[in-house]
Amino acid sequence: MTDRTTLTTTAGAPVPDNQNSWTAGSRGPVLLQDYQLIEKLAHQNRERIPERVVHAKGWGAYGTLTITGDISKYTKAKVFQPGTQTPMLARFSTVAGEQGASDTERDVRGFALKFYTSEGNWDLVGNNTPVFFVRDAYKFPDFIHTQKRHPKTNLRSPTAMWDFWSLSPESLHQVTILMSDRGLPVDPTRMNGYGSHTFSFWNDAGERYWVKFHFKTRQGHKFFTNEEADQVTAKTREHYQEQLFGKIEKGEFPSWTVQVQIMPELDAGKTSYNPFDLTKVWPHAEYPPIDVGVLELNRNPENYFAEIEQAAFSPSNIVPGIGYSPDKMLQARVFSYADAHRYRLGTHYESIPVNQPRVPVHHYHRDGQMNVYGGLKTGNPNAYYEPNSVNGPFEDKSAQEPPLRIHGDADRYNHRDGNDDYGQVRALFNLFDEGEKKRLFANIAAAMSGIPEEIYERQMVHFGRVHPDYEAGVRAASRVLEGREPAISVTSETPQQAAE
Ligand code: NDP
Ligand code: HEM
């Protein structure tokens, strides 16, 4: 007899038989009182929860943030004090594909981070790009609809994508990055992460600074061409999972250099661009990145569903010393994520172990479905309302951020008025070497293949406004695709790699 653990029911009683259902006679039928069979089937019917409405396919791991620089004059956040080490969770993702999508599709990658700080959870829910497709949250659901399946054909629709993009010139910066090499990294360790939005830092003196967060890969950028990615997908749809999980299992821990760009509060009125516009970067020459520390991933989750699928990242999770900014996209996200979590995971999603802060939690929320923390979170059975005279948890004014200076009349302002949607895209285009440009043109031509002429021409006007070479390059690549010109050679090797 081997010493084996006894199988029990969920109520703890030993299970006498897990092979044969309880039947009337050896040939059946099954008795209604075979509750364990019913329980097993019913439980299985509830194994799936709604997938994330965006960023459904993802890969995650735990790690550490170590602060090596000193930016304490900008922020009182304990997570940024010199020498501080903070445990954290990362989840990378694609945006449009469903849970079963291939990992190696051209798409923006999510770069979501949860820091379990000594002052509560701080989540930075960014992407591998420093900008975004739209600058007003009103347009986010419309944009996402163009990335998802057509209601009738149930197929992805390039026509919808380019129709929307060509009518939304603010998307051009992100579209250019998406169609460039960085739109298809070989795995999550070979890409940068960006907080993308402008956030704020505030210090003990109550001074506010605007801040952007950057995570620079220490493994180096590496990407697939579309053709290479197709070959990978033909063999496996789980390439990113295999790479991230495999590397960490082997002890090859990926890391990123953490940097911030800092803008004094009053500079915001002086820049030629709106520093709170999510379709813009802050040029490095104006606001140089400052090294702050290192992010390392070094532990795989034990259970994917419990720890990665149930992870709830939200821009609403901030800590003293870190604040929002007037970026209107950011405000919408502050609402949207926790709302998604209540729907996807339930009212008490923050009690799920992966989401639990690593500090004591005291609040006056009560009851509700799946309240698994038991009793009250106030530590006192009589403290179930506030204010009270029974010494229940009380607010801490030191966590109050300085006033946000805003002005202006309430209105629906046209976000396109006075906005240059082309200058920063031109700066990016000019950074690309000849190989990068060729691949950009080829990727765009492939993505536009088959869309109506009118939409194609509308988009060409935008490329032309960035640079005549941009428009000419895409037109030439389209002609190649249609077989009207000989093919150009496209490889994923940079000139340096080719020389090695
Ligand atoms: P800089 O030359 O000072 O900065 C260039 C930045 O662009 C670096 O962060 C670099 O990232 C990144 N970059 C370099 N090559 C590529 C590439 N082939 N594809 C995508 N990104 C690349 O100039 P600016 O700060 O004035 O920015 C110029 C343009 O660079 C911007 O308009 C924007 O499109 C892009 N960019 C700017 C960033 C910023 O925060 N200022 C961040 C990322 C991109 P890395 O060091 O990782 O190679
Ligand atoms: C996921 C909304 C813009 C990055 C999500 C989810 C929602 C959402 C509802 C699913 C959350 C969940 O179920 O857990 C929005 C809205 C936006 C917006 C309303 C604009 C108004 C952005 C931007 C970025 C971003 C600008 C990056 C800079 C992500 C990431 C995830 C995500 C990384 C996946 C998080 C994870 O790994 O769990 N978004 N989003 N989103 N979003 Fe956004």
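The centres of domain 1 and domain 3, taken over C-alpha atoms, are 39 Å apart. These belong to a division of the protein chain into domain 1 (1–47), domain 2 (58–355), domain 3 (362–394) and domain 4 (423–482), with bounds from an automatic or database domain assignment. The model is predicted: local features need pLDDT of at least 70 and side-chain atom pairs count only at pLDDT 80 or more, while totals for chains, interfaces and linings use all residues. Residues are numbered from 1 along each chain as its sequence is written, and chains are lettered from A and ligands numbered from 1 in the order in which they are written.

Both ligand shells consist of residues whose C-beta atom, placed from the backbone, lies within 6 Å of the molecule. Helices (H or I, at least four residues) and strands (E, at least two) are DSSP runs numbered from the N terminus.

Ligand 1 has 17 residues around it, and the nearest are Val281, Pro283, His284, Gln424 and Leu428. Helix H9 (residues 423–431) supplies the largest share of this shell, four residues. Because domain 2 (58–355) and domain 4 (423–482) both give residues to the shell, ligand 1 lies between them.

Ligand 2 is surrounded by 28 residues, of which His55, Arg91, Gly110, Ala137 and Ser196 are the closest. Two or more residues come from each of strand E2 (85–94), strand E3 (109–117), strand E4 (120–127) and helix H8 (328–344). H8 gives the most, eight residues.

Leu330 is found in helix H8. With 19 other C-beta atoms within 10 Å, Leu330 is partly exposed (buried means 20 or more, exposed 12 or fewer, partly exposed in between, with C-beta atoms placed from the backbone). Leaving aside residues up to four places away in sequence, Leu330 touches His197, Pro315, Tyr324 and Ser325, where contact requires C-beta atoms, placed from the backbone, within 7 Å.

Helix H11 (residues 453–466) packs on helix H12 (residues 468–481) at about 140°, with axes 5 Å apart. H11 and H12 are therefore oblique to each other. Met460, Phe463, Gly464 and Val466 of H11 meet Pro468, Tyr470, Glu471, Val474 and Arg475 of H12. Axes are lines fitted to C-alpha atoms, for helices over the stretch in contact, and angles run from 0 to 180 degrees between N-to-C directions; under 35 degrees is roughly parallel, over 145 roughly antiparallel, 65 to 115 roughly perpendicular and the rest oblique.

Conventions. Contact = placed C-beta atoms within 7 Å.
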